[in-house]
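These are my notebook entries on one structure, written down in the order in which I looked things up. I began with the strands and ended with the charged side chains.

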Amino acid sequence: MNYLSVENISRSYGERVLFKDATFGLDKGQKMALIAKNGTGKTSLLRILAGLEPSEGGLVVYRNDIKVGFLEQEPVLNPDHTVEEAVFDPTNTIMLAVREYEDAMMHSEDAKRFQAALDRMEQLKAWDVEAQVKEILGKLNIFDLTQQIGTLSGGQRKRVAMAKMLIDRPDIMILDEPTNHLDIEMIEWLEGFLGATENTILMVTHDRVFLDHVCDVIIEIDNGTLYRHKGNYTDYLESKAHRQEVLEANVDKARNLYRKELDWMRRMPKARSTKAKYRQDAFYDTEKVAKTNLKQDELSLDINTTRMGTKILELHKLRKGYGDNLLIAGLDYKFQRGERVGILGKNGSGKSTLLKLIMGQLEPDGGKVVVGETIQFGYYGQDGLQGADDKRVIEVISDIADHIPLKKGKTISAAQMLERFLFPKHQHYQYVYKLSGGEKKRLYLLTVLMANPNFLILDEPTNDLDVLTLNVLEDFLMEFDGCLLIVTHDRHFMNKLVDHLLIFEGNGKVSGFVGNYDEFIPHRAAMLREEKEQARIAATAPAKAVAAPSAPAAPRVRMGFNEKREFQQLEKEIPELEAKKSALEQALTTVADDHEEVLRLSSAFEQVKNALEEREMRWLELSEMEA
């Protein structure tokens, strides 16, 4: 059953065409995503479908009696309303009953009111809805329903708007970057919620894992043309690669034919027969295909990196909190050369606070941050470009430097650098406030990298960046030989780039894990199972008699954070060395007649054996410490 029909809609700004004659349909239950580069009209298309912007011709037709909900990137909510007023639809009878029941629960001393609310819930069979409302609000970390919208941060407002959308359950949900401002646990919950619902969805998101888990149709805007792909993000990549292959083959064929036909056109007399006129018309069609530009815009990153010394960055007994809210309690960490660290934790747990402490934007309550003399930070914060809206794009770059040093002693002008960052010449003198959200983030990223940093600190760098920019940024960071410290909710980004994790667990506790996010998931699940089992044993075990006091045991040495990280790394390295040792032993039995190979393998065997013994001894030392 068709819910939405879009026919021949277009949008342009002056001579710049975002999309033209876009046509597609959305059926009941489909979960569709829109993919395109920043600045090519994704948000404009969604706003046209939501009725907030006009189209330049064409039709947008919804099935009769279809309720449509639109979640904007930056939701506009009444600042004078409470969270409760913003979330609950006053025209929905069941929602009103749930709202009254929740309020009566908070004022349970009024027994008559509470009983009336209870009876109303029973009458409307609203208990399933009430349970779902509680789940949605709890998972999105919305607990204080009396708080005024005007006092909330941008991220909190986005979560309130998301909660309203999920509670209202419109027939079609239009979602613009739904994962922005959500932590990873929230995103994983939202994936499951949207994946299980039968609601029809059209979304824009850069989160590739989210696209894979939720979507079954993807539409792409490429050079003003809209393409439709069945399947999730992985299927889309395969389909697009095939489309490119077919296009390249057709263009090659047209170019060969074009050369022959061009020669014929030049030799033909001016007076042409009707038959020749047909061939002439076919020639112009062939010319159009033959002149198709197959070159893809590619973001180029080859900026120089400042040399790094032996001392990098050290955190000593770092402590920070606000009133009773302790965020970091005595964190010790010493960064190694080339280390890549990702930070995990719920929103408000202290992730961005740690980055600001390192950058000197905040003063610690205790401990200290020691930065090596050669360290040049590149800091990409969530606040983005500040005070740049009234500047032209070229001015933002030239204010930093007219020429930027690249690798191998080369330099490049500010204008050339902008073009490498996919800002064409016609955009150089455009004011920053006219850029899309993703284009502003891309420009901000360029200003960070221009400082030639050797230690990059990235706070939610994936927000609002298109998939093309993300892929190229990942490739650049894979080759980056400095240190990385990243806060991100993008699991794909985290998995590709980090080898250590710092996990903010709440109440100031920060633990470490050696590995990326995918490797951390089973570890986290095992820890949760163990905690539940310990709680079950404690609940069922009989009370033990109090034993007579004995002589106190000698205190065990506690394992510090660096020791914990080293211990986790050893548990990965030891099995690898054991496997290498076994492989070399096997190889030595097969080369007895080759003296040189025996010597080479024997030398390698001794090195592996010594390394294994050294690590096993260190493992034993650490295992005797108290975690």
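Predicted model: local features only at pLDDT ≥ 70, side-chain atom pairs only at ≥ 80, totals over all residues.

Residues are numbered from 1 along each chain as its sequence is written, and side-chain values use heavy atoms, with hydrogens and water left out.

**Entry: strand S10 and its partners**

I looked up strand S10 (residues 313–322) and found that it pairs in the antiparallel sense with strand S13 (residues 366–371) over five bridges. Within that pairing, leucine 315 has valine 369 in S13 as its bridge partner. S10 also pairs with strand S11 (residues 325–334), again in the antiparallel sense, over seven bridges, and there I found glutamate 314 opposite lysine 334 in S11. The two strands S10 and S11 form a hairpin with two residues between them, and glycine 323 in the turn has a positive phi of about 65 degrees.

**Entry: the six-stranded sheet**

I then traced an open sheet of six strands with mixed pairing, whose order I wrote down as S5-S6-S7-S3-S8-S9. Its edge strands are S5 (68–71) and S9 (225–230), each of which pairs on one side only. On average, neighbouring strands of this sheet are turned by 15 degrees against each other, direction ignored; for such angles, axes are lines fitted to C-alpha atoms, for helices over the stretch in contact, and angles run from 0 to 180 degrees between N-to-C directions.

Inside the sheet, strand S3 (residues 31–35) and S7 pair in the parallel sense over three bridges, and lysine 31 has isoleucine 201 in S7 as its bridge partner. Helix H1 (residues 42–49) lies across S3, S5, S6 (172–176), S7 and S8 (217–222), running at about 150 degrees to S6; contact means heavy atoms within 4.5 Å.

Is threonine 205 buried or exposed? At 4% relative accessibility threonine 205 counts as buried, where buried means under 20% relative accessible area, exposed over 50%, and partly exposed in between (1.4 Å probe, protein chains only). I placed threonine 205 in the loop between strand S7 (200–204) and helix H8 (208–214). Its side chain reaches the backbone nitrogen of aspartate 207 at 3.1 Å. Leaving aside neighbours within four places in sequence, threonine 205 is in contact with Glu177, Pro178, Thr179, Phe210 and Leu211.

Glutamine 123, in helix H4 (residues 111–124), is exposed at a relative accessible area of 57%. A polar contact of 3.3 Å joins its side chain to that of arginine 120; a polar contact is a pair of N or O atoms within 3.5 Å, where within protein one must be able to donate a hydrogen and the other to accept it, and residues adjacent in sequence count only if both atoms are side-chain atoms.

**Entry: salt bridges**

I counted a salt bridge as a side-chain nitrogen of Lys or Arg within 4 Å of a carboxyl oxygen of Asp or Glu, and by this rule the count comes to 20 salt bridges. In one of them the side chains of arginine 208 and aspartate 490 meet at 3.5 Å, N to O. Arginine 208 lies in helix H8 and aspartate 490 in the loop between strand S18 (483–487) and helix H16 (491–497), so the pair ties together parts that are 282 residues apart in sequence. Arginine 208 is buried at 2% relative accessible area, and aspartate 490 is buried at 0%.

A salt bridge also joins the side chains of glutamate 474 and lysine 496 (3.3 Å, N to O). Glutamate 474 lies in helix H15 (residues 467–479) and lysine 496 in helix H16, so this pair ties together parts that are 22 residues apart in sequence. Glutamate 474 is buried, with a relative accessible area of 0%, whereas lysine 496 is partly exposed at 32%. Last, I noted that Arg11, Arg47, Glu53, Glu56 and Glu72 are linked in a network of salt bridges.

Note on methods
Pairing = 2+ DSSP bridges. Helix = DSSP H or I, 4+ residues; strand = E, 2+ residues; numbered from the N terminus.
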